[in-house]
Amino acid sequence: MRGIASIIVMFHHFCLAFLPWIKEPYPKGLAGTPFAWIMRGESAVTFFFVLSGFVLALKFYRRPEYKSLLISALKRLPRLMGPAAVSICCGFLILFFSLHYNEEAALITGSDWLKTFGNAYLPQDFTPTPASAIGQFLLVFLLKNHFWYNSNLWTMRYEYFGSLLVFLLCGLTMRRSSIVQLILMIGSAYLLWRYGHALLPFAAGTYLAFLFASTGMKAVDNIWIAALVGLISVLLLCSLDLDLQIAGSIGLMVCLIYCPKLARPLSGRLGRLLGRFSFPLYLVHFLVIASVSSLGFATMYDWCGSYAWAATVAGIITVLVSLAAAIPLLLFDERWVATVNDIASMVSRNAAAMYKARFPISD
């Protein structure tokens with residue numbers, strides 16, 4: 001499902017760049033139709049956030065360990081920072097060596113999003129420098145509108161603070177009585193809905209993980225009921241309303257979690273491969289759109305004058321080059337995660353040894 005969500009985000013950005021009218025209401029576009037979900041990148045991101053909250057919280061509700069929770073919170077930033085830093089370097093090189101052709105393509109497509117480098121909020125008279133790129137390695141996780149070299153990284157700030165929220169909620173609710181857990185969850189849900197709405201998807205995923213860990217695997221045998229819930233969830237994901245997107249994300253996850261028959265087609269080798277590619281594909285595809293896809297679009301349009309052929313060429317380039325560019329980033333990401341985990345384990349062992357040496361337990 002992560003891989004499918006990444007593909008939807010890629011198609012969403014492709015439409016913003018080269019088919020901007022498809023975002024308009026029917027009959028000109030797909031907005032307001034049951035097919036809107038295939039280009040609703042906002043809903044795919046919400047699903048990412050709900051899924052992230054679920055995955056991060058589930059292991060702590062199954063095995064509530066405060067030490068592991070603290071270690072996970074401490075290593076979350078470096079885990080996200082490595083792949084993001086690689087994409088920032090790529091974005092810097094594209095801008096520094098003027099390998100971006102988004103403005104030329106935007107003159108033809110009329111896309112303001114493409115013209116502004118994906119709404120990157122570049123400062124006036126912006127000049128790419130190594131210093132600003134290095135600064136963005138950290139700022140992209142802490143401050144708003146600091147994703148100049150890859151506008152897809154706007155989600156990293158929410159992902160990081162949402163992850164910390166998940167760990168906080170887990171720490172507050174683990175090893176509590178059922179009544180206390182219920183009160184804390186209801187109270188936190190209300191506070192987030194009122195004052196931290198953007199982080200509510202992570203809390204929703206956390207609550208779903210708690211429910212799943214508490215009830216266990218209770219499969220639903222009736223695939224038609226699960227399919228109906230899934231269909232309603234997809235329709236909710238067509239909305240631009242965040243609350244409906246969260247409801248759709250939860251419904252889709254519930255029917256896949258509790259109905260193995262429905263989830264089985266997504267659990268094979270291709271499904272796992274899509275899952276592995278999800279994060280690298282998400283990070284690289286905009287840079288491909290702003291560079292080689294835009295170049296291919298503008299070149300083809302100038303050569304034959306056909307918008308349809310130009311968009312087709314841009315689509316083929318976007319898919320093939322994004323997949324090719326995601327492979328080295330995938331290999332780096334897997335090695336990076338292993339390295340972060342190894343360092344975290346080593347630091348944890350050393351800290352435990354120092355604590356025992358300083359405070360020995362007397363017989």
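Student: A salt bridge here is a side-chain nitrogen of Lys or Arg within 4 Å of a carboxyl oxygen of Asp or Glu. How many salt bridges does the count come to by this rule?

Tutor: The count comes to 4 salt bridges. Keep in mind that this is a predicted model.

Student: Start with arginine 63. Which residue does arginine 63 form a salt bridge with?

Tutor: Its partner is glutamate 65, and the closest N and O atoms of the pair are 3.3 Å apart.

Student: And is arginine 63 buried or exposed?

Tutor: Arginine 63 has a relative accessibility of 59%, so it counts as exposed. Glutamate 65 counts as partly exposed because its value is 31%.

Student: Next one. What is the N to O distance in the salt bridge of arginine 76 and glutamate 159?

Tutor: The two side chains meet at 2.7 Å, N to O. Arginine 76 belongs to helix 3 and glutamate 159 to helix 7, so this pair ties together parts that are 83 residues apart in sequence.

Student: Are arginine 76 and glutamate 159 buried or exposed?

Tutor: Both of these residues are buried.

Student: Which residue meets aspartate 333 in a salt bridge?

Tutor: Arginine 79 does, with 3.0 Å from N to O. Aspartate 333 sits in helix 14 and arginine 79 in helix 3, so the parts tied together by this pair are 254 residues apart in sequence. Aspartate 333 counts as buried because its relative accessibility is 7%.

Student: Where does the largest share of the lining come from?

Tutor: From helix 2, which supplies 9 residues.

Student: Moving to the outside. Which residues form a nonpolar patch on the surface?

Tutor: Val292, Ile316, Val319, Leu320, Val321 and Leu323 form it, and together they have about 460 Å² of accessible area.

Student: Which helix gives the most to the nonpolar patch?

Tutor: Helix 14, with 5 residues. Leucine 320 is placed in helix 14, and it counts as exposed because its relative accessibility is 56%.

Student: What about serine 348, where is it found?

Tutor: Serine 348 is also part of helix 14, which covers residues 307-358. At 14% relative accessibility, serine 348 counts as buried, since the cut-off for buried is under 20%. Apart from neighbours within four places in sequence, serine 348 is in contact with Lys67 and Ile71.

Student: Switching to glutamine 136. Where is its place?

Tutor: Glutamine 136 is in helix 6, residues 130-142. With a relative accessible area of 1%, glutamine 136 is buried.

Student: Which residues does glutamine 136 touch?

Tutor: If residues up to four places away in sequence are not counted, glutamine 136 touches Ile88, His146, Phe147, Trp148 and Tyr149.

Student: Now backbone angles. What is phi of phenylalanine 117 near?

Tutor: Phi of phenylalanine 117 is near 55°, which is positive in a residue other than glycine. Most residues other than glycine have a negative phi. Phenylalanine 117 is placed in the loop between helix 5 (112-115) and helix 6, and it counts as buried because its relative accessibility is 3%.

Student: And what positive phi does arginine 175 have?

Tutor: About 60°, although arginine 175 is not a glycine. Its place is the loop between helix 7 and helix 8 (178-195). Arginine 175 is exposed, with a relative accessible area of 57%.

Student: Last one. Where is the place of proline 27?

Tutor: Proline 27 is in the loop between helix 1 and helix 2, and at 69% relative accessibility it counts as exposed. Proline 27 and threonine 173 are 49 Å apart in space, C-alpha to C-alpha, and 146 residues apart in sequence.

Definitions and conventions:
Residues are numbered from 1 along each chain as its sequence is written. This is a predicted model: local features need pLDDT of at least 70, side-chain atom pairs count only at pLDDT 80 or more; totals for chains, interfaces and linings use all residues. Side-chain values use heavy atoms; hydrogens and water are left out. Helices (H or I, at least four residues) and strands (E, at least two) are DSSP runs, numbered from the N terminus. Buried means under 20% relative accessible area, exposed over 50%, partly exposed in between (1.4 Å probe, protein chains only). Contact means heavy atoms within 4.5 Å. Patches are made of residues with over 30% relative accessible area and no salt bridge: like charges are joined within 9 Å, nonpolar side chains (Val, Leu, Ile, Met, Phe, Trp, Tyr) within 5 Å. Accessible areas come from the Shrake-Rupley method with a 1.4 Å probe; for residues, only the protein chains shown count as cover.
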